[in-house]
Amino acid sequence: MHVPLRLTWPATARCSTSRIVALTVALVAALLAGTLAATPARAETARWTVTATFAADGPTAQVTHDTEAGTISLAVSRGGRTVLPPSPLGIRTEDADLTGGLRFLGRSDRTDVERYTTTVGKEVQRLAIFREARFRFAGAGDARVDLVVRVADDGVAYRYELLDDYGSVLGEASAFTVPADSTAWLANHRRDYENPYVQTTAAAAAAREYLAPALFDVHGTYLMLAESNLDGRYSGGSLVHDGTGTYRVKLWDQSVLVDGPLATPWRVMVVGDLDTIATSTLVDDLAPPSRLTDTSWIRPGQVLWTWLAGGRGAGQSLTRQMGYVDYAAQRGWPYVAVDAGWYFDPQQWDVTDPNWRTNSWMPELVRYGRERNVEIIVWIHFRDLDTAQERSEWLPTLHEWGVKGVKIDFMDSESQDRLRWYDEILPATADNELLVNFHGSNIPKGIHRVWPHVMTMEGVHGAEKSSLTTSHITALPFTRNVVGSMDYTPMAFHRNRPTSDAHELGLSVVFESGLQNLAGTPESYDARPEAVRFLEQVPTVWDETKLLAGRPADNAVFARRSGQRWFLGGSTSGTARTLNVPLNLPAGPWLVELITDGDSGLVRSQRVVQAGDTLPVEVIANGGFAGLACRWHANLTTCDRP
């Protein structure tokens, strides 16, 4: 059997000699293992395995072919224990039913190694390594479908490749049969992904439609179901529970238009311990390479966003926005977001006037901001960008004004038609060097890798909601935020919320978002000087991420590195407690500065610890903490930047 090997190493990639040797040895061993497992037994049921590349306890995928019925299924195990029992596979089109009656034609294997860089995320330098197996099948009339299975150390993915045009796709047989007693964290389906995650079990969950990602604890091993590489060639997928623990993939459209051969999106299963789930980049790793060659104009950062201070009453006027620019400049925050109402105010201009753009105060605000090193991001409704003519008018105008980014709202769909709109708006915004924050949107499904100017997406039951619970908030780092940047809009200190002040501050680290829209008011920040001190320093892009402790819907403690400093964030749900945080940091002594809830507000404390120590942190009910850790040496008094 021929086993091709593809190694993709950019010229700028750095890799030590020892690392290269270890990589080569491991890859050869993996390839030999794949070769030995490549030929099925001659029986009514044929089985093949695909294993992870490095981790001894990494996942294994098993593909089963019932040669009598012609059906195929996929199971996943880890460390010899079943995580996903055999689950159906297959796809139906107008002209071909490829869910049964399939004949096996052959298998080929390869190993794919890729290094790539992102502009946002848990770590910007990525290394993706996959074992890939392609299983070739033919159905009635010799209709051809390939099942492509990829296995990485953090999970398994598969997709279907149709080698000819068999008409519109009518649905998939794809399903996930999760063990019935597995703890589950699920969110009811909603067009804009803005529903809370609730804890239940795989079988006890109501028989209805749910969002992906969905998370399960299968007897101590976690399984997260997601999707990658979705665009206008297909339709978004949700999960429909049958009432027994099986979750079937449902496509948004009843008929997905296809023109020629087709590769479907990846059905993704992140598999491992909770740290594996929280730090996985599998959804991005499966996506195609970046479409942009020049990313020098892309700069993530903190955003002062005042909408939650009262909507348009928060100040959709030049004078008020200049005040917000001044405050952002004082804090060192690089952006101010001007939300809805700025181009609908009849006191500013008449939008029916063909020359209305020349009457806007926005160019003056942009000039004012740039004099103070603050850039402007503007909100715009999807309906004003849903035609080619509107995009050709709006986007160059915003670029000409000097606007740095757009917050586009109310797409509210994963239909193929709406996904094709994304395919058009993404290159158009990039051509005009506009950062993008999608609201009322779907969620990242590899978009950060393909289009690195997409800084964040909403798709979350976030701080704008009045029905927040800390159990939902502490589930998000292990569900929605796993797949990519999440515009939750934290720091709304002035609003009623279930979180303590220290918990809310910790979300600036616990939640990852390339543009972190800070939703408080200047007055609420000024009343919390320790919060201001921390928010002036915390970045939005990370070199490394570690989960220090956690349990979905109960607590989440993260350490994220930027340069030589580690930022710490912790959040809890429920009663007051002592969080015993293992300091999984590089060896040596560290100065740790913690911000916690005190009797009269936020308080800062310091201690010198050794890497590997367990750090006890007292938190109040629904509390949390924020912190900084830096290398300690004699006479060091703070981790603040010089």
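This is a predicted model: local features need pLDDT of at least 70, side-chain atom pairs count only at pLDDT 80 or more; totals for chains, interfaces and linings use all residues.

Residues are numbered from 1 along each chain as its sequence is written, and side-chain values use heavy atoms, leaving out hydrogens and water.

**Whole chain**

Start zoomed out, in cartoon. The protein chain has twelve helices and 37 strands; helices (H or I, at least four residues) and strands (E, at least two) are DSSP runs numbered from the N terminus. The radius of gyration is 25 Å, close to the 26 Å of the globule rule for 642 residues, so the chain is as compact as a globular protein of that length. That radius is taken over C-alpha atoms, and the rule is 2.2 Å times the number of residues to the power 0.38. Along its principal axes the C-alpha trace spans about 75 × 65 × 50 Å.

**The parallel sheet**

Next, pick out the open sheet of seven strands, ordered S28-S27-S26-S25-S24-S23-S29 with parallel pairing. Two strands count as paired if DSSP finds at least two bridges between them. Strand S28 (454-457) and strand S29 (515-518) are at the edges with a single partner strand each, so one side of each has no neighbour in the sheet. The twist averages 25 degrees from one strand to the next; axes are lines fitted to C-alpha atoms, for helices over the stretch in contact, and angles run from 0 to 180 degrees between N-to-C directions.

Now select 375-381 and 405-409: these are S25 and S26, which run parallel and are joined by five bridges. Show His381, and opposite it you'll find Asp409 in S26. Contact here means heavy atoms within 4.5 Å. Then bring in helix H7 (residues 416-431), lying across S26, strand S27 (435-438) and S28 at about 150 degrees to S27.

**The antiparallel sheet**

Move on to the six-strand open sheet, S30-S31-S32-S37-S34-S35, with antiparallel pairing. Here S30 and strand S35 (601-610) are the edge strands, each with a single partner strand, so one side of each is left without a neighbour in the sheet. Select 565-572 and 624-631 to see S32 and S37, antiparallel and joined by six bridges. Gly569 stands opposite Ala626 in S37.

On a 1 Å grid over the protein atoms alone, a cavity is a set of points where a 1.4 Å probe fits but cannot get out; a pocket is an open set with protein on both sides within 12 Å along at least five of seven lines; and lining residues have an atom within 4 Å of a point.

The largest pocket has a volume of about 780 Å³, the space filled by probe spheres set on the points, with grid points joined across faces, edges and corners. It is lined by 33 residues, with Glu123, Leu127, Asp154, Thr279 and Thr281 nearest its centre. Which strand gives the most to this lining? S9 does, with six residues.

Finally, find the largest cavity, with about 100 Å³ of space. Select Arg126, Asp284, Val482, Val483 and Gly484, which lie nearest its centre among 15 lining residues. Helix H3 (residues 282-285) supplies the largest share of that lining, three residues.
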